[in-house]
Amino acid sequence: KQPFVLSSMVDRVVAMLNYFLVQLVGPKMGALKVSDFEKYFFRPRELVIQIVEIYLHLAGEEEFCAAVPRDGRSFSPRLFGQARRVLNKLDKFDLAVELSRFEDRLQEYLDVQRERDLAEREAPDEFKDPLTDEIMADPVQLPSSGNVLDRSTIERHLLSDSTDPFNRSPLTIDMVVSQSDLKARIAEWSRKVGIKKE
């Protein structure tokens, strides 16, 4: 479980799961056309079951639960209801019940995300990551460009490109400089405006 819930990976894992689940159970699920399911080993029913099992396997991880509603591209509160309907059609009632429990657990994280979204609109620019426009949790400064962004953002970037995204200078994670004063100011502001930690 651990690699999938690292700050540098969890948002990508969640985005992928949410996207595939939407394609398989969402409003456009009928648009998936494959001429020969067996030739391409395309088994959408099995995929839905496997994807739901992945959600449930990671459901005990706080980082994972917090990341699910953060996915602005594919997540919607209706997503798991659509998945439950498909599971019920496949006679996977136990899985549908477990998914419903996971959905109930996610409600708290969804409420926190809504609060964050509202607060982020009013947050000072210096508290926002310049690449994601989200409030930073662990701000770090890049040594060559001097830009400050969230540690998780630069960690994700460095997975595929070992350069500063602002000036293309070589960069490794051990070169970034923590900004503890800024982190403390962000934490204080978050507390004042009532943003709960994820």
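How many salt bridges does the count come to by the rule applied here?

Modeller: This is a predicted model, in which local features need pLDDT of at least 70 and side-chain atom pairs count only at pLDDT 80 or more, while totals for chains, interfaces and linings use all residues. Residues are numbered from 1 along each chain as its sequence is written, and side-chain values use heavy atoms, with hydrogens and water left out.

The count comes to ten salt bridges, a salt bridge being a side-chain nitrogen of Lys or Arg within 4 Å of a carboxyl oxygen of Asp or Glu. One of them joins Asp11 to Arg156, at 3.6 Å from N to O. This pair links distant parts of the chain, 145 residues apart: Asp11 belongs to helix H1 (residues 10–25) and Arg156 to helix H6 (residues 151–160). Helices (H or I, at least four residues) are DSSP runs, numbered from the N terminus. Arg156 is buried at 16% relative accessible area, whereas Asp11 is partly exposed at 25%; buried means under 20%, exposed over 50%, and partly exposed in between, with a 1.4 Å probe and protein chains only.

A further salt bridge pairs Arg84 with Glu103 at 2.1 Å, N to O. Arg84 lies in helix H4 (residues 79–89) and Glu103 in helix H5 (residues 93–122), so this contact ties together parts 19 residues apart in sequence. Arg84 is partly exposed, at 24% relative accessibility.

Within helix H5, Arg114 and Asp111 are three residues apart, which means a separation of about one helical turn. Their closest N and O atoms are 3.7 Å apart in a salt bridge. Arg114 is partly exposed at 43%, as is Asp111 at 35%. Finally, salt bridges with shared partners join Asp11, Arg70 and Arg156 into one network.

Technical notes: Helix = DSSP H or I, 4+ residues; strand = E, 2+ residues; numbered from the N terminus.
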